[in-house]
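Subject: Structure handover and notes

Dear colleague,

Please find below the sequence and structure that I promised to pass on. My notes on what was found in it follow directly after.

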Amino acid sequence: MKGLKIVVLAKQVPDTRNVGKDAMKADGTVNRAVLPAIFNPEDLNALEQALRLKDKYPGTEITLLTMGPGRAAEIIREGLYRGADNGFLLSDRAFAGSDTLATSYAISQALKKIENIDIIIAGRQAIDGDTAQVGPQVAEKLAFPQITYAEDIISAEKGKIVVKRRLERGVETVEGAMPMVVTVNASAPDCRPRNAKFVMKYKHARAVSEMQNADEDYIALHNNRPYLNIGEWSVNDIETKAEELGLTGSPTKVKAIENVVFQAKEAKVLEPTDADMDELMKELIANHTIG
């Protein structure tokens, strides 16, 4: 059996899990300068699923695709360190301000440049938006079938993919035809750590925009080792309509953002007895906290 052609959609996001008092600007936007940029957690779960398929099916190729400013190339390097084969950075000021509709449009157009894709895998959602819309919208624009809430990709062979889904009330196993878009839950296995050999191999990998101020020796290194060149596409490298990109192509508008701080007003100390536990359950049910 031939290997699979897999594309993993990944995003560099501000670490909104550690939000402090300075995390929001006066205009209600995220102050990205004070929040570290990280690999979106569920996209790491997605990458692990791709790597497991690569382990299972020899000859499989994993390509990462991310959209963002030049610094987002760090996401590609992180993927290479863990076992991905290559990656592309989709970067242009024309993409700035994109909502999920404009983002999925740009990504789907970029995916059309990558031929013979078998599976597109993405995290269920990004922690900076929590919309869970980009993956399904990409599937719709490419006319690919999709499987969401994936927890494990069981197999992908003979043109069919079998996936275990984790839903609110249980688990189900579904089958679909490739090419397929799969979005992965946080309940899926964590991504494996960096591989020391891959770190040494790819630590100098750079995108085109990162090489603008490089010296001659560094440029020569990249010319001699083509695998260090991270692909970078601008709006001119993909076939798009300007009116569907960036702010112009984004119908979603944020009316207001409210910064809410939770504060405990009262506390109750319970003894570790059945009677106290029963009393607590009755109280929670009575005030509709549960049930």
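I begin with strand 10, in which five of the five residues are buried, so this strand is largely enclosed by the rest of the structure; buried here means under 20% relative accessible area, exposed means over 50%, and partly exposed is what lies in between, with a 1.4 Å probe and protein chains only. Helices (H or I, at least four residues) and strands (E, at least two) are DSSP runs, numbered from the N terminus. Please bear in mind that this is a predicted model, in which local features need pLDDT of at least 70 and side-chain atom pairs count only at pLDDT 80 or more, while totals for chains, interfaces and linings use all residues. Residues are numbered from 1 along each chain as its sequence is written, and side-chain values use heavy atoms, with hydrogens and water left out.

In a regular strand the side chains alternate between the two faces of the sheet. In strand 10, Met 180, Val 182 and Val 184 point one way, whereas Val 181 and Thr 183 point the other way, and all are buried. Strand 10 pairs in the parallel sense with strand 6 over five bridges, and Val 181 is the bridge partner of Ile 120. With strand 7 the pairing of strand 10 is again parallel, over three bridges, and there Val 184 is the bridge partner of Ala 150; two strands are said to pair if DSSP finds at least two bridges between them.

Helix 4 (residues 134-142) has as its buried residues Gly 135, Gln 137, Val 138, Ala 139 and Leu 142, and these pack against strand 1, helix 3 (100-111), strand 6, strand 7 and strand 10. Just after helix 4, Ala 143 takes a positive phi of about 60 degrees.

The largest nonpolar core has 41 residues, and among those with the most contacts inside it are Ile 6, Leu 53, Ile 62 and Ile 161; such a core is a set of buried Ala, Val, Leu, Ile, Met, Phe, Trp, Tyr and Cys residues joined through side-chain atoms within 4.5 Å. The elements that give two or more residues to this core include strand 1 (5-9), helix 1 (41-56), strand 4 (61-67) and strand 10 (180-184), and the largest share, six residues, comes from helix 1. Leaving aside its neighbours within four places in sequence, Ile 62 is in contact (heavy atoms within 4.5 Å) with Ile 6, Val 8, Leu 47, Ala 50, Leu 51, Lys 54, Ala 84, Asp 85 and Asn 86. A second, separate core of 23 residues includes Tyr 105, Ile 117, Trp 233 and Val 235.

Ser 155 is found in strand 7, and at 15% relative accessibility Ser 155 counts as buried. Apart from neighbours within four places in sequence, Ser 155 is in contact with Lys 56, Tyr 57, Lys 160, Ile 161 and Val 162.

As for the protein as a whole, its secondary structure comes to seven helices and twelve strands, and its C-alpha trace spans about 75 × 50 × 40 Å along the principal axes. Of its 291 residues, 41% count as buried. Among contacts between residues at least 6 apart in sequence, 70% join residues at least 24 apart.

With best wishes
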